[in-house]
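Hi,

Here is the structure I promised to pass on to you. Have a look at it first, and then read my notes below.

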Amino acid sequence: EVYFKNLSKQKQKEVMEKNGNNHKLRVCVATCNRADYSKLAPIMFGIKAEPQFFELDVVVLGSHLIDDYGNTYRMIEQDDFDIHTRLHTIVRGEDEAAMVESVGLALVKLPDVLNRLKPDIMIVHGDRFDALALATSAALMNIRILHIEGGEVSGTIDDSIRHAITKLAHYHVCCTRSAEQHLIAMCEDHDRILLAGCPSYDKLLSAKNKDYMSVIRMWLGEDVKTRDYIVALQHPVTTDIKHSIKMFELTLDALISFNKRTLVLFPNVDAGDKEMVRVMRKKGIEHHPNFRAVKHVPFDQFIQLVAHAGCMIGNSSCGVREVGAFGTPVINLGTRQTGRETGENVLHVRDADTQDKILHALQLQFGKQYPCSKIYGDGNAVPRILKFLKSIDLKEPLQKKFCFPPVKDNISQDIDHILETQSALAVDLGGTNLRVAVVSMKGEIVKKYTQLNPKTYEDRLELILKMCVEAASEAVNVNCRILGVGISTGGRVNPREGIVLHSTKLIQEWSSVDLRTPISDALHLPVWVDNDGNCAALAERKFGHGKGIENFVTLITGTGIGGGIVHQHELIHGSSFCAAELGHIVVSLDGPECLCGSQGCIEAYASGIALQREAKKLHDEDLLLVEGMSMKKEEAVSAAHLIQAAKLGNMKAESILRTAGTALGLGVVNILHTMNPSLVILSGVLASHYVNAVKDVINQQALSSVKTVDVVVSNLADPALLGAASLVLDYTTRRIY
C-alpha cells in the first residue's frame, strides 16, 4: 500500500511538472438541479480544500433558478461556494418540445460563459438534458470533460442521454464495477476510467448518526416517530408521459389508503411535471393531514429523512442508489430505473397499473429493516476523484481515442461483392519481361501472364493492352472483380499524371509516355503508374516487412539497383519525382562507369549487369570456372555464374562479390545518415547474397545512433507486381496512400 501511495505521489509530481509547476487545474463544475448538486457538492468541497492544486468555478443553471422548484441555488450559496454564473435555461412547458428548447437555450448561452472562464476541465454529472447541453458545448469548444456516473443503465430517455455524454467525455468516474465494464464495452479508454464510487456516499455514510429527530419533526410534524413515515419521490417518464401520470395518480391513491404520514417531494423539471403537480393538487395532497408536499429538502436533511423512514416509494434513482446504504425499504415503481443495480431492500413494481398492487407492495415493505448495501460506494470517492484530477496531463492530445475490439473484415451485402473477390490488375514492365497479374486484396496472385518486353513503344503498348484485356476476361472466370490497373515501370515517373518522364537504358523508347490515358480508355478502369522501386516499397508496406512501420527503406537488387523510401507512413516521390534513386548513390569517385553516365554508383558495383560484366572479364581470362562448374559453348555468362564460382571457392569471384556488397553497404550507410529509417529491406534476386555484407559495413562505418537499424531480406515473391496492385487497392478501398 505504501509503495502504491508513493508511486501515485510521484506520478502527480511528474504531471505537475509537465503541466507547469505553477499551473493550477482550472475546474468548472456546472450544476443543473438539486439531485446533481448532491453528487457534485462533495467533489466541490474537496476541490475547494486544495487551492494549491485547483481553481474552482461554479456555474448554476436549470431548475436551480426556478421558484417552483425551491430556488435551490441558495443551498449552494449556503455551502459558501461563489457562483460565477447563473444561466436561466429552462423553457417552461409541459411537453417534450420544452425540453428540446431548454437544451437549445443552454447551448446558446453557454459558449460565452466558457469563453470567459476558459476552464481546463468541466465536470458534468449524470443523464439530465441540461447535462447534455453542457457536455456538447464543452466538447465543441475543446474543453476536457469529466463525466460522473457514466456507464449505468436505467430506463427512459436518460439512458440515451447518459451514453451520449459518455461519448463526448474525455474522462469517466463510475460508481460500480458493472458501470466500469459498460464503459469499456462502449470502447472508452480503460486508462481514463476511474471506479471511485458515488460521491454522495462520502457524505451520507457519515450522516446517519447525527441528530435526526429534529429534522424529522421539522418536515413531518412533532408526533412522527422513526420508521413510521413514508418518503415519496416520483418523476415523469418522458418516453411515456401519459402512463407515468396515471401511475402517479394510483400511487397517491394507495398512499392515502395506507394512511401513514408521508413526505411528498415535487418532481424534476421534465415533460409532464406540471401535470403531476396538478394531480397532487386535484387530490388535495398539500392540505391533507397525512401529507407534507415540499419543493425541495436540503440533501443533508434528506439523508436523515430516508435513513429513518419506514419506506421510500417512487421512481427516483435515489431510492435504488443512496437509500440502500441505510437498509431502508424501497418500492421502485415502473421502468424509470430498469437496469440499475439494487440491494435486497428494493421491491420492484414494474407494471404499477392498479392501486391494489401498489398498496400490497406498501404492506410488504413498510417498517422492515434490510442489511445496509454499499453497491454504489464506500465513502472514499472524493479522495480518489481528486487524485484522478491531479493525474490529468493537459499536454496529452485533446482528441479522445476509442478502444474498439478487433472485428472481422466487413462483408459487403452487395451481390457483386459477395460473389467476387476484389482484385487489381498489376503490370510490371521490366528490362527483359512484361508481366501482368490478377492480384487479390490479400496479396494472392490469382493469375499471371509473362511475355518478352518488346523493343518499340508501339509494340510494347499494344502488348500491354492485349495482356490486360486477356487478364481482365480471365478474372471474370475466377470470380475476381477488377478495381483498377496498377503499373510498375523502370525510370522516372510522374504518378499524378500517369506519365513515364524518363526511362533507363534498359527499356528503350520509353520517355514522355502517357500510360494512363490509352489503358484507361481501352479498359474503362482507373489506372495508376509508379516507379518500380516505389512499387516495391508499397508492396512491403501493404504485404511485407514494412506493414505498420512508420519509416523504412526498400532496396531492389536485380538487373539494376532501385528502391523506395517510406517516411511517416507516406511514400516519398520528391519535387521532380526523382526521390529514392538509390542505385545512383555514388560510393566511389573513380569507380566503374554506370549506365546513367556517372562513375562509382552502387548500380555500377552491385547490380546484376555489373556482376555480369565482371563475370565476363573473368571468363575471358579463363579465371571464372572452377572445379564443379561447367558451361555450354552457346551459354551466355551471367551474374549467376559469378555467384556459383564464389560458392565453390573462386577467390576472384569472392572478391568481386565482397566489393559489390561493400558498395551496397556504403550506400545503405548514406541512407541511414540521411533518412534515419528503423528498417532496411533488401529485395530482389541478389538480396540474400548481400545482406550479411551490408550488416558488416553498417557496423564498421555507420554512426552508433543508427547501428541498431534492422536489415532484412524481403519475403515477397513478386514485389513489383504486388506493389503495382497496392497502388490500386489502397486507393480504391480508401486506405492511405
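Strand 14 and strand 15 make a hairpin, with three residues between them. Helices and strands here are DSSP runs (H or I of at least four residues for helices, E of at least two for strands), numbered from the N terminus.

Before going on, please note that this is a predicted model, in which local features need pLDDT of at least 70 and side-chain atom pairs count only at pLDDT 80 or more, while totals for chains, interfaces and linings use all residues. Residues are numbered from 1 along each chain as its sequence is written, and side-chain values use heavy atoms, with hydrogens and water left out.

L425 stands opposite V438 of strand 15. Strand 14 also pairs with strand 17 (residues 480-489), this time in the parallel sense over eight bridges, and A426 has G486 as its bridge partner there. Seven of the nine residues of strand 14 are buried, so the strand is largely enclosed by the rest of the structure. Buried means under 20% relative accessible area, exposed over 50%, and partly exposed in between (1.4 Å probe, protein chains only).

Strand 25 (residues 679-683) and strand 26 are parallel, over four bridges, and L682 has V713 of strand 26 as its bridge partner.

**Listed binding-site residues**

Which residues does UniProt list for "binding site"? The unreviewed entry gives R492, T504, D532, E581, H584 and E603; such annotations may be inferred rather than shown by experiment, feature names are shortened, and positions follow the numbering used here. T504 sits in the loop between strand 19 (499-502) and strand 20 (513-514), and is partly exposed, with a relative accessible area of 36%. H584 lies in the loop between strand 24 and helix 20 (602-606) and counts as partly exposed at 28% relative accessibility. Leaving aside neighbours within four places in sequence, H584 is in contact with C594, C596, C601 and E603.

Best wishes

Terms used. Pairing = 2+ DSSP bridges. Contact = heavy atoms within 4.5 Å.
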